[in-house]
Amino acid sequence: MLADKHILLIIGGGIAAYKSLELIRRLQDQGARVTPVLTKAGEEFVTPLSVSALAGFAVHRDLFDLTSEAEMGHIQLSRSADLLVVAPATADLMAKMAQGLANDLASTLLLATDTPVLVAPAMNVRMWDHPATQRNIATLKADGIGFVGPNEGAMACGEFGPGRMAEPDEIVAAIRTRLTDGPLTGKRILVTSGPTHEPIDPVRYIANRSSGAQGTAVAAAMRDLGAEVIFVTGPAEVPPPDGVHVVPVQSAQEMSDAVDAALPVDAGVFAAAVADWRVASASDKKLKKSRDGLPTLEFAENPDILKRIAHMTENRPGLVVGFAAETDDVINHATAKRQRKSCDWIVANDVSPATGIMGGSENAVILISDHGAEEWPRMSKEDVARQLAQRIAHAIAG
Ligand code: CTP
């Protein structure tokens, strides 16, 4: 139920705007109060009268509408809501959001708010696939904007592909997930994920086989329990989850700096496969083949992020969770690692190739804490993440 929740619904200009009328109904059925905002383009698809009649409130349309300014300032309008929902979110509206433009009521409300925002994109498939839109989506995700859809299917324009707005039921479900308090509501959690790339020269780097799947699943599970998640990720194969603050990095040093910038946090989960070494003096020009023989790379040690954070006296997260990827004698190595790095828990796993864990969809972990080693059965990385999130919630809540 969404009783007592206030949703500011921004209806953009797209054929899918008609579904937003249904969305208002569904939200009201759940007990939510919906304040509608209609963009100029949105008015071409649904009338202000039908929106107002359904919502039971006058629809807000104009930035310079002095009557509504006297009743409730635009700033307050966006801040009094529990969630801003943009449905349909057009390519144009998303571009404005990504750029921070504020040249009409909808974009001004979106810029003036510190309330969470959920967007339901709807556009032609080519517009969705366009690099400009994809850049804007990445920016919005990094800003912590949540996404629901778009779905794939036949579109009003006759083409087929991703771009159809999510159905009202799906949008309601996404709103409920966003607004339902969980055991980690009000908690700030840092998650590191993915591999790091250590440059050799501008075109070459040293990397590892981490896909980022486990760290991504951990971030999503934390988000689903209500946490504000800062997701510091190296260049991973899997895309980052929606609704978290994404901080993309390349090297271990960048990851270390991004982790520092994220503090203080209530808990830190260090799932990244950080390179232990970097090339001591990476070249700023591409290395050339030479008659003098093969190049020699000298290595320097990278900062051990987990160890450094776990040893902090000020600003140490309330709970520090490390991962240990081992190929033999897993429990002994991971137990020693926990002590060496001073972290509270270590999630250990056997990544020898025969297990198929590195780069695979499943994991078999051993949770090592003050209480000893606890072996979990093999399960999907999502299930490992959910169980871990529950454990963390239990440890830091209250
Ligand atoms: N880690 C880190 N910074 C590093 C290296 C590792 O934060 N420079 C973190 C990882 O995110 C993980 C944990 O430390 O949570 C264990 O990483 P691992 O590479 O297994 O540990 P190492 O200390 O490198 O041990 P090993 O000798 O097994 O390589």
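**Terms and model**

A residue is buried under 20% relative accessible area, exposed over 50%, and partly exposed in between, with a 1.4 Å probe and protein chains only as cover. R26, with a relative accessible area of 27%, is therefore partly exposed.

This is a predicted model, in which local features need pLDDT of at least 70 and side-chain atom pairs count only at pLDDT 80 or more, while totals for chains, interfaces and linings use all residues. Residues are numbered from 1 along each chain as its sequence is written, and side-chain values use heavy atoms, with hydrogens and water left out.

Side chains of opposite charge can pair when their charged atoms come close. Here a salt bridge is a side-chain nitrogen of Lys or Arg within 4 Å of a carboxyl oxygen of Asp or Glu. The count by this rule is 18 salt bridges. One of them joins E22 and R26, at 2.9 Å from N to O. The two residues are four apart in helix α1, so about one helical turn separates them. E22 is partly exposed, at 34% relative accessible area. Helices are DSSP runs of H or I with at least four residues, strands are runs of E with at least two, and both are numbered from the N terminus.

K19 forms a salt bridge with E167, and their closest N and O atoms are 3.1 Å apart. This pair links distant parts of the chain: K19 lies in helix α1 (residues 17-29), E167 in the loop between β7 and α9 (168-179), and 148 residues separate them. K19 is buried, with a relative accessible area of 8%, whereas E167 is partly exposed at 31%. E167 also forms a salt bridge with R164, with 3.5 Å between the closest N and O atoms. Through shared partners, K19, R164 and E167 belong to one network of salt bridges.

**Largest pocket**

The largest pocket has a volume of about 1200 Å³. Of its 43 lining residues, A272, A273, V274, D276 and A325 are the closest to its centre. At least two lining residues come from each of β8 (188-193), α10 (213-224), β15, α12 (305-310), β16 (319-326) and α13 (330-341).

On a 1 Å grid over the protein atoms alone, a pocket is an open set of points with protein on both sides within 12 Å along at least five of seven lines, a cavity is a set where a 1.4 Å probe fits but cannot get out, and lining residues have an atom within 4 Å of a point. Points are joined across faces, edges and corners, and the volume is the space filled by probe spheres set on them.

W277, L287, L297 and F299 form a nonpolar surface patch with about 400 Å² of accessible area together. Patch residues have over 30% relative accessible area and no salt bridge; nonpolar side chains (Val, Leu, Ile, Met, Phe, Trp, Tyr) are joined within 5 Å, like charges within 9 Å. Areas come from the Shrake-Rupley method with a 1.4 Å probe, and for residues only the protein chains shown count as cover. L287 sits in the loop between β14 (277-279) and β15 (299-301) and is partly exposed, at 31% relative accessibility.

M1 lies in the segment before β1 (6-11) and is exposed, with a relative accessible area of 66%. The C-alpha atoms of M1 and K288 are 64 Å apart, with the residues 287 apart along the chain.
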